[in-house]
Structure formats: C-alpha cells, structure tokens
Amino acid sequence: MVYTAVAGRGSRMLCGELYSVLSKLCEVVRVEECTLGATSENPDVLLWQCPDEARIKTCSSVLVLAADCGSLASMQVRSDCVVIADMADDAAATFAAERGLRLLDCGLSSKASLTFSSIGMETGVISLQRGIFDLYGNKLDPFDLPLAIEPVPYYPVLAAAGILLLSGKATQLEMLHHI
C-alpha cells in the first residue's frame, strides 16, 4: 500500500479529484485525518488530505502538493518521501529541494517529468519524459501512452499517473485509456 498525502491550499478539492481518477484504476481508500491508520482494508493507495503541519512518517509515501504549498514550512516528512507537484508551482520545488526530497514535476511543458505531450478535447498522450525510480527502486523508462479522456484538469490526471508509477503499479496506467 502506498500512503499518499495531499497538502497545500486547495488540497481538499485535489484529494477529491485524485480519488475520482484513481478509483477507476486501482483500489483506493480516502481517509480523514482522524481515521488515518484505522482502516482494516488493504488498498493499493491510501489517500489522506493532511494538515499543513503534518508529520508524514510512513515509508512508501508520496506527497502530492496542491497549489501554494508555501504554508507547509512546518511539515515534516521522511527523507524517502517523493513529492509530486505542478511544475508551475515554484514553492513546491523549493519545498522538495530544501528537504532533499525527490520531485516528480507534472505540467504541460516539455521540461516537466510527467506531461501531456499532446492533448485535445477527447484524446491525449501522457508522457514520462525521463526515467525515474519508483518507491521500491525499480527503474521506469520514458514512455508515451495515448488516452481517450474526458475534459478534466490536467494536474489531477498527471498526479494520479505519478502515484501509480511511483507505487509500482505502472501496468494499471493502461486503464487510463478509459478515463
């Protein structure tokens, strides 16, 4: 199971969007802060909208940052946590760099690690632009994956794809064809 914390301004909405995408691709449980660790289920992904001052101590963890993560100065995370962030958010890159964390940046730029290399009204091509390592040390090579998608905000789809890639569930990305 991969613990996925969602933080920053707008994290409630982003957590809902991630749940909407991920629940079509894998087993996911969304928990509230008070129930974290209390679930008896064994999902692929555990989504948690965490407070800005949270301490993320679990291994196999991913931190997805919503817009404006500047308020996260007091957040504590393990050094093996991986940050997924919109590359347009400079504060997210600073947050990761100051803590020595790996960053998987997502965006609509050729400089983003995870991007849409093309996107239309009902189709798109999601691209991993450079090789990355998942949470378990497995190398993932760059790829392009054509999709048939509904018009949705790009960041939740890319962040959900990043969660699956980092959690070792890259094969489930094939199901993105049907989002």
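The model is predicted: local features need pLDDT of at least 70, side-chain atom pairs count only at pLDDT 80 or more, and totals for chains, interfaces and linings use all residues. Residues are numbered from 1 along each chain as its sequence is written, and side-chain values use heavy atoms, with hydrogens and water left out.

**Whole chain**

The protein chain has three helices and 13 strands. Helices (H or I, at least four residues) and strands (E, at least two) are DSSP runs, numbered from the N terminus. Buried means under 20% relative accessible area, and exposed means over 50% (1.4 Å probe, protein chains only). Contact means heavy atoms within 4.5 Å.

| Property of the protein chain | Value |
|---|---|
| Buried residues | 49% of the 179 residues |
| Contacts joining residues at least 24 apart | 51% of those between residues at least 6 apart in sequence |

**Helix 1**

Helix 1 spans residues 11-22. Its buried residues are Ser11, Leu14, Cys15, Leu18, Val21 and Leu22. They fall within an arc of 130° seen down the helix axis, so they line one face of helix 1. The arc is that of the directions from the helix axis to the C-beta atoms. Arg12 and Met13, on the other side, are exposed. The buried residues pack against strand 1 (2-7), strand 2 (28-31), strand 3 (45-49), strand 5 (61-65) and helix 3 (154-166).

**Gln172**

Gln172 sits in the segment after helix 3. Gln172 is buried, at 18% relative accessible area. A polar atom of its side chain lies 3.0 Å from the backbone oxygen of Leu25. Not counting residues up to four places away in sequence, Gln172 touches Leu25, Cys26, Asp44 and Leu164.

Key: The expected span of a helix is 1.5 Å times one less than its number of residues. A polar contact is a pair of N or O atoms within 3.5 Å; within protein, one must be able to donate a hydrogen and the other to accept it, and residues adjacent in sequence count only if both atoms are side-chain atoms.
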